[in-house]
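Let's take a walk through this model together. Have the sequence and the 3D view open while you read.

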Amino acid sequence: MRKRDVPQEGNATLGGHRKAVYAVGEDGKLRIVRSRGWEVEEVVTRQAVEDLERRAREARSPLEYHMYRARMDVAMLAAAAGIWRWRVRRHLRPQAFARLPVRLRRRYAEALGVPLAALERID
Amino acid sequence: MSSLLRHHGLALSEPMAFGLASALAFAYLPFIRLNGLPLIAYRMPPGAIVRALDRSLELGVRFETFRSRAAGMARLDALLGEGKVVGLQTSIYWLPYIPPDLRFHFNAHNLLVYGREGDEYLVSDPVAEMPVRCARQDLEKARFATGVLAPKGRLYYLTRAPLPGDWARLAQRALARTAHVMLHTPLPLVGVRGIRWLARAVERLSRAEDEARALLYVGHIVRMQEEIGTGGAGFRFMYGAFLQELAARTGYGALDAHAGRLVEIGDDWQQFAFAAAKMIKRRIAFEPPALAARLRDIAAREQRFFHDLNKARLAWAA
């Protein structure tokens, strides 16, 4: 990649940060060039974010919604909350979640980084 | 890592640190799942990079992990109190200064802490251009994130001042290690054979029933390639910079030509990413075999490249 080919397309997912990449200068030497972002990266990052957003929209329960909002899946939530996967899967059903003691809900809230009250609803 | 060394008075550029640690690699690890997609690495894991540098430059690096969060934070404070710069392995998700779209549960993110002011830590992070601040609570959460490759509060620091070594000898060893990893790792998932294995997995996507899922897989490959670290063709350009700097430092000019070839291979990786993104955007038809063919082509070129690089190294040593 030559210096003038370094993408400067402005990748919105970088949030204004610039990224260091190595590119070939006039003298044939590779050195750091600041890139404002490449469209390709934006496409793949947005794709991954949108997939999680879609899953959150289609969630059957507030817990499932918050799980995808926190960009987790069942395995990650189980590890973060210290609860077995099959129990997490069960708790994703609204009926099962409604019966949970506060102790367990607090563990979910802590793992997801949201206040306890937020777990009750989709916002 | 380069900035950790610079803090201790050894001027070593990022590409030199990368190259001397034999950090360039390729690995396709389908049994490690991130959001249900395989781990694809274009370099060694950060821990291995630090350890490799430790061995060749004799830095006396100490690694520590912690069972309890309180102990981990107390140890960090104590080390900062001694005036040490401390490397941390963290999850990227819980760091508040990272742009929201880049915050995924990826646990092998490395950053340096060089000071503390009250409840805020002064952080040098490769993702951010400038030094940033991070609140204690957030840093604690990031250090003790769970899941795949959980950091368990891992921190590392130098116990000795680094000595500038014999570059030619160190570099020859580093080149040998990289060539070995890329060409002769017994596991078929690592090195050039790993690229071919990935090509096969991509080819199989044409039989997938859920096209959106198949496209996510392709997007995931590109994200692992471009988004982790400096990005840019999975570290191929950085290794090229290492070869050039090495040629300049040691006067072994044959490496310059190799750097040029590696830049071309890096361009191929970028072309692969570009084609993949066009398919995701549906500007061109989704054709997994075409992507697989690109990967196979790259594998063949890297195989020739590392073979020749190894020959150049042997000629240099002789």
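Chain A is split into domain 1 (3-40) and domain 2 (59-120), with bounds that come from an automatic or database domain assignment. The C-alpha centres of these two domains of chain A lie 40 Å apart.

A quick word on the ground rules. This is a predicted model, where local features need pLDDT of at least 70 and side-chain atom pairs count only at pLDDT 80 or more, while totals for chains, interfaces and linings use all residues. Residues are numbered from 1 along each chain as its sequence is written, and chains are lettered from A and ligands numbered from 1 in the order in which they are written.

Now look at where the chains meet: 30 residues of chain A are in contact with 38 residues of chain B (in contact means C-beta atoms, placed from the backbone, within 7 Å). On chain A's side, β1 (19-24), β2 (30-35), α1 (39-57) and α3 (74-81) each give two or more residues; helices (H or I, at least four residues) and strands (E, at least two) are DSSP runs, numbered from the N terminus. α1(A) gives the most, with nine residues.

Over in chain B, find helix α3 (residues 46-57). Its end C-alpha atoms are 16 Å apart, which agrees with the 16 Å that 12 residues should span at 1.5 Å a residue (the expected span is 1.5 Å times one less than the number of residues). The buried residues of α3(B) pack against α2 (14-20), β3 (61-64) and β8 (155-158) of chain B.

Note on methods: Contact = placed C-beta atoms within 7 Å.
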